[in-house]
Amino acid sequence: MSKPILLHLGDDIKWNHELYQQLQAKFTIKRSYSMSRADFSNALKANQFGDFVAMYRPFWNTGGEMGNWDDELISLLPKSCKIYASAGAGFDWVDTKRLAESGIIYCNAAAACTESVADAGIWLILSTFRLFSWSASAAHSASIPAFQDANRNIAAVTHNPNHFTLGIIGLGKIGHRIAQKAHAAFDMHILYHDIRRMPAAVEAPLGATYYASLDAMLPAADCVLVATPFAGDKLLDAAHFAKMKRGARLVNIARGRLIDEPALVAALASGQLGAAGLDVHYDEPKVDARLAGMRNVQLLAHTAGASVESHVGFERLGMENVLGFFETGKAVTPVNLQWIKETARL
Ligand SMILES: O=C(O)C(=O)CO
């Protein structure tokens, strides 16, 4: 009997070769490498990859060249396809509900980058309190006046984060890990807003206070950290920044589009916000030039999740999702099951 087909998107795997051999033993693997949207769409229309049952994308660097997975693309997938297992935490580029309508489970790999993103979150929080962005840019400029300016003046305006209040929007795995680290390392007081309250067993070790209302949490936090998935709408705008403490800090490790960037620039320029730490940007790979010019803003190039450990984990979890689904009927980290069920009920 011929083996089912798996479509591997993007580059070769780099780390988990033994596990990949298990995939090779169970599936005929077809490769699309890095096709443009037009080439990928034409290949699907021509059934170039055959009636594949699964798609696997091991890393975010490649395999996404076809752009957003919207109705146009998803409607070209063969009816045989049952699962799409991809690297990465965020899935703002894929319409998981539309996939579910075609009976396709989408699995992300957020669990693989929790530690890495949480570490970057801590770095950004620390930087907004200590203004390492200012010190680093002064030193990098190799300018004696800039060095002396930073060296003389930073101490008057920076703080140790200890005992300040961190307000986390989204206490998922990453938000929770940041809360643990901030609480353990800096004795920060943890507040959080989420659509649902965590059990006491989660809140108690953090001493965390739940806010059902975001508007109620904002004025209570010295630093607000965004750790919630992008669901199509902005989360924070000028009105939200106005509710925050004057001089408070903002950190975003989630998605740039969650924040009204011009409003953030205005809030920083007016001093309503004292500092910001941003891994993600509204219009990546572009970075807002005004933000880039602010010494109280620490910027990263969307690399919070970028570590060897995340890469190994992304590859592995993607393969485990595919193998688990075909061996036991259950994927490990599906994100759209609620709609798969709904669709099945129709
Ligand atoms: O995996 C993702 O989606 C990330 O943004 C990690 O930083």
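Modeller: A definition comes before the search result: a cavity is a set of grid points where a 1.4 Å probe fits but cannot get out. The model is a predicted one.

Biologist: Which residues line the largest cavity?
Modeller: Its lining consists of Asn252, Gly256, Ile259, Glu261, Leu264, Leu278, Val280, His281 and Tyr282. By class, 5 of the lining residues are nonpolar, 3 are polar and 1 is charged.

Biologist: On to the domains. What does the assignment give for the protein chain?
Modeller: Domain 1 comprises 5-111 + 308-345, and domain 2 covers 114-299. Their C-alpha centres are 33 Å apart.

Biologist: How many residues are in contact between domain 1 and domain 2?
Modeller: On the domain 1 side there are 5, and they contact 5 residues of domain 2.

Biologist: And what area do domain 1 and domain 2 bury between them?
Modeller: The two bury about 450 Å², with 49% of it on carbon and sulfur atoms.

Biologist: How many salt bridges are counted between the two domains?
Modeller: The count is 1 salt bridge between domain 1 and domain 2. On the side of domain 1 that touches domain 2, the residues divide into 2 nonpolar, 2 polar and 1 charged.

Biologist: Lastly, with which residue does Arg255 form a salt bridge?
Modeller: The partner of Arg255 is Asp92, and the closest N and O atoms are 2.9 Å apart.

Definitions and conventions
Residues are numbered from 1 along each chain as its sequence is written. This is a predicted model: local features need pLDDT of at least 70, side-chain atom pairs count only at pLDDT 80 or more; totals for chains, interfaces and linings use all residues. Side-chain values use heavy atoms; hydrogens and water are left out. On a 1 Å grid over the protein atoms alone, a cavity is a set of points where a 1.4 Å probe fits but cannot get out, and a pocket is an open set with protein on both sides within 12 Å along at least five of seven lines; lining residues have an atom within 4 Å of a point. Ala, Val, Leu, Ile, Met, Phe, Trp, Tyr, Cys and Pro count as nonpolar, Asp, Glu, Lys and Arg as charged, and the others, Gly among them, as polar. Domain bounds come from an automatic or database domain assignment. Contact means heavy atoms within 4.5 Å. Buried area is the accessible area (1.4 Å probe) that two parts lose on being put together, summed over both. A salt bridge is a side-chain nitrogen of Lys or Arg within 4 Å of a carboxyl oxygen of Asp or Glu.
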